Amino acid sequence: MTQPLTHFDAEGQAHMVDVAAKSETHRVARACGSIRMLPATLALVASGTAKKGDVLGIARIAAIQASKRTADLVPLCHPLPLTRVAVEFALDEAACAVHITVQAETLGRTGVEMEALTAVQVGLLTIYDMLKAVDRGMVMGDIRLLEKRGGKSGHWVAGDPA
């Protein structure tokens, strides 16, 4: 059975979901993504010698900042008081890629999936921006939600049956 779309009213008009009746719970979301690049570009990231500086350090700050601005970027998202945003990077020499994982948390009435996903996207965009002078062919992808906890729908992990 298909779930109704929550951002549309009975007439099909877009609206912001009313979360007033929802309970405040600890909510957690984890999301990930990757950016593939040339081996020489990945070597610049690994060595910390990119012309613009510490690529992963700047991308981490950009991801955190983006998570806090999600409601400004995605029109129907509620502004959330985030209690934690953790950003991790992994260098993958075999795939010539940088992988990012973001965990966002709040105590609130609505989930933090969009904040985690926005952080992943902006973290990857920042890596692209800092390295585009040497590799314009980088490819961002595999962006997805890995897990969410809290709220009425409970715990969900990617790969679980819907």
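Confidence in this predicted model is lowest, among the elements of the chain, in strand β5 (residues 156–157), with a mean pLDDT of 94, and highest in strand β2 (residues 82–92), with a mean of 98. Over the chain the average pLDDT is 90, and 85% of the residues score at least 70. Where pLDDT is low, the predicted coordinates should not be read in detail.

The strands β2 and β5 also mark the two edges of the sheet, since each pairs on one side only. Five strands make up this open sheet, in the order β2-β3-β1-β4-β5, and the pairing is antiparallel. Strands of a sheet pair through backbone hydrogen bonds, either parallel or antiparallel. Between β1 and β3 the antiparallel pairing extends over 12 bridges, and within it C32 stands opposite T101 in β3. On the β4 side, β1 forms eight antiparallel bridges, with S34 facing its bridge partner G141 in β4. Strand β4 in turn pairs with β5 in the antiparallel sense over two bridges; here E147 has V157 in β5 as its bridge partner.

Buried positions occur along α4 at E115, A116, L117, T118, A119, V120, G123, L124, T126, I127, M130 and L131. An α-helix has 3.6 residues a turn, so residues three or four places apart point the same way.

The largest nonpolar core contains 29 residues, of which M37, V98 and I127 touch the most other members. Two or more residues are given to this core by each of β1 (25–36), α1 (39–47), α2 (55–68), β2, β3 (97–108) and α4. Of these elements, α4 gives the most, with eight residues. Apart from residues up to four places away in sequence, M37 is in contact with L42, V45, C96, V98, I127, L131, D135 and M138.

C96 counts as buried because its relative accessibility is 17%, below the 20% limit for burial. A positive phi is also found at D142, another residue other than glycine, with a value near 55°. D142 is placed in strand β4 (residues 139–149). With a relative accessible area of 58%, D142 is exposed, whereas C96 is buried.

C32, the residue opposite T101, counts as buried at 14% relative accessibility. C77 is likewise buried, its relative accessible area being 11%. A disulfide is a covalent bond between the sulfur atoms of two cysteines. The structure holds zero disulfides.

Methods:
Residues are numbered from 1 along each chain as its sequence is written. This is a predicted model: local features need pLDDT of at least 70, side-chain atom pairs count only at pLDDT 80 or more; totals for chains, interfaces and linings use all residues. Side-chain values use heavy atoms; hydrogens and water are left out. Buried means under 20% relative accessible area, exposed over 50%, partly exposed in between (1.4 Å probe, protein chains only). Helices (H or I, at least four residues) and strands (E, at least two) are DSSP runs, numbered from the N terminus. A disulfide is a pair of cysteine sulfur atoms within 2.5 Å. pLDDT is the predictor's confidence in each residue, from 0 to 100. A nonpolar core is a set of buried Ala, Val, Leu, Ile, Met, Phe, Trp, Tyr and Cys residues joined through side-chain atoms within 4.5 Å. Contact means heavy atoms within 4.5 Å. Two strands pair if DSSP finds at least two bridges between them.
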